[in-house]
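Let's take a walk through a protein model together. Have the sequence and the 3D view open, and follow along one piece at a time.

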Amino acid sequence: MTLRISGLAKHYGDVPVFENVTLSVEPGEFVAIVGESGVGKSTLLNCMAGLDSWDAGTVTHEGADIGALDGEACALWRRRHVGFVFQAFHVLPHLDVAQNVSLPLMLLGGRRDEGRVAHMLDAVGLPGMGARLPQTLSGGQLQRVAIARALVHRPALLLADEPTGNLDPGTASKVMELLIGQTREHGASLVLVTHSESAAARADRLLHLTAEGIRA
Ligand SMILES: Nc1ncnc2c1ncn2[C@@H]1O[C@H](COP(=O)(O)OP(=O)(O)O)[C@@H](O)[C@H]1O
Ligand SMILES: [Mg+2]
């Protein structure tokens, strides 16, 4: 399922964030985006997920015009097809780790798949921590809960905002393996915003976001 961004422009009030952002990401492809702080990387990822609005241009996913979907249709599309690793994690504080990770499966109407959730917790290096509450976890552990949750339903589009920002190098490379595995083995499209040179070095394409657009 191909993601196409064409001529995207965004401003907040009178303040432009970016314009002329055009890129496509194919199934199985890993694109890394770098750029200075405040240039709009998180905003661009939010637009790709239909979580933010834009002022010009289009976002399509396998031909579906994401900007034309109403709120409910967009939420449904996101549930089915998108895994998002937020920079601020957005782990729900009143749910335990296993409940947080199984949320995408539950929202899709599935039964709670304990085996799949346990597998994801193992894969991010949090084995046996399903019953813990988020407040008892470190920043790096919360980040890994967010990554397990983004991957649990095997989404076609993986959007990750600095997913290794709080992790030690060993855990970071493990997490990169997981994201890349979903891309290579299941044909997901991965868009990763990162400051990590080692993470960016593994991408098929490295793109630089500036106020004027996005370029190699
Ligand atoms: N809700 C908002 N209202 C006004 N300005 C915002 C809002 N969200 C982000 N911005 C501004 O938009 C710009 C891009 O922000 P962001 O996408 O978070 O950048 P990055 O992720 O590249 O650091 C920044 O200048 C930021 O201050
Ligand atoms: Mg950001």
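## Starting with one residue

In which helix is Arg78 found? Arg78 sits in helix 2, residues 71–81. Helices here are DSSP runs of H or I with at least four residues, strands are runs of E with at least two, and both are numbered from the N terminus.

Is Arg78 buried or exposed? Arg78 counts as buried because it has 22 C-beta neighbours inside 10 Å. The rule is that a residue is buried if 20 or more other C-beta atoms lie within 10 Å of its own, exposed if 12 or fewer, and partly exposed in between, with C-beta atoms placed from the backbone. Not counting residues up to four places away in sequence, Arg78 touches Ala49 and Gly50. A contact like that means two C-beta atoms, placed from the backbone, within 7 Å. Arg78 and Pro104 are 26 residues apart in sequence, and their C-alpha atoms are 9.9 Å apart in space.

## Ground rules

This is a predicted model, where local features need pLDDT of at least 70, side-chain atom pairs count only at pLDDT 80 or more, and totals for chains, interfaces and linings use all residues. Residues are numbered from 1 along each chain as its sequence is written, while chains are lettered from A and ligands numbered from 1 in the order in which they are written.

Look for an open sheet of six strands in the order 6-7-8-3-9-10, with mixed pairing. Two strands pair if DSSP finds at least two bridges between them. Strand 6 (82–85) and strand 10 (213–215) are at the edges with a single partner strand each, so one side of each has no neighbour in the sheet. From one strand to the next, the twist averages 20°; angles run from 0 to 180 degrees between N-to-C directions, and axes are lines fitted to C-alpha atoms, for helices over the stretch in contact.

Now zoom in on strand 3 (residues 30–34), which pairs with strand 9 (residues 205–210) in the parallel sense over four bridges. Ala32 is opposite Leu206 in strand 9, and Ile33 has Leu207 as its bridge partner. Strand 3 also runs parallel to strand 8, joined by four bridges, and here Phe30 is partnered with Leu190. Four of the five residues of strand 3 are buried, so the rest of the structure largely encloses it.

Strand 8 is joined to strand 7 by five bridges, and the two run parallel. Leu158 stands opposite Leu190 in strand 8. In a regular strand, side chains alternate between the two faces of the sheet. In strand 8, Ser189, Val191 and Val193 point one way, Leu190 and Leu192 point the other way, and all are buried.

Val191 is in contact with Val25, Val31, Ile33, Leu45, Met48 and Leu159, leaving aside neighbours within four places in sequence. The largest nonpolar core has 59 residues, and Val191 is one of the members that touch the most others, along with Met48, Val101, Ile147, Ala148, Leu159 and Leu192. Such a core is a set of buried Ala, Val, Leu, Ile, Met, Phe, Trp, Tyr and Cys residues joined through C-beta atoms within 7 Å. Helix 5 (residues 139–151) gives the most to this core, with six residues.

Another open sheet has four strands in the order 2-1-4-5, with antiparallel pairing. Its edge strands are strand 2 (15–25) and strand 5 (64–65), each pairing on one side only. Strand 1 (residues 3–12) and strand 4 (residues 56–61) run antiparallel, joined by five bridges. Helix 1 packs on this sheet, touching strand 1, strand 2 and strand 4.

Helix 1 (residues 41–48) also lies across strand 3, strand 7 (157–161), strand 8 (189–193) and strand 9, at about 155° to strand 8.

## Around the ligand

Which element gives the largest share of the shell around ligand 1? Helix 1 does, with three residues. Among the residues around ligand 1 are Gly40, Lys41, Ser42 and Thr43; to be near, a residue needs its C-beta atom, placed from the backbone, within 6 Å of the molecule or strand.
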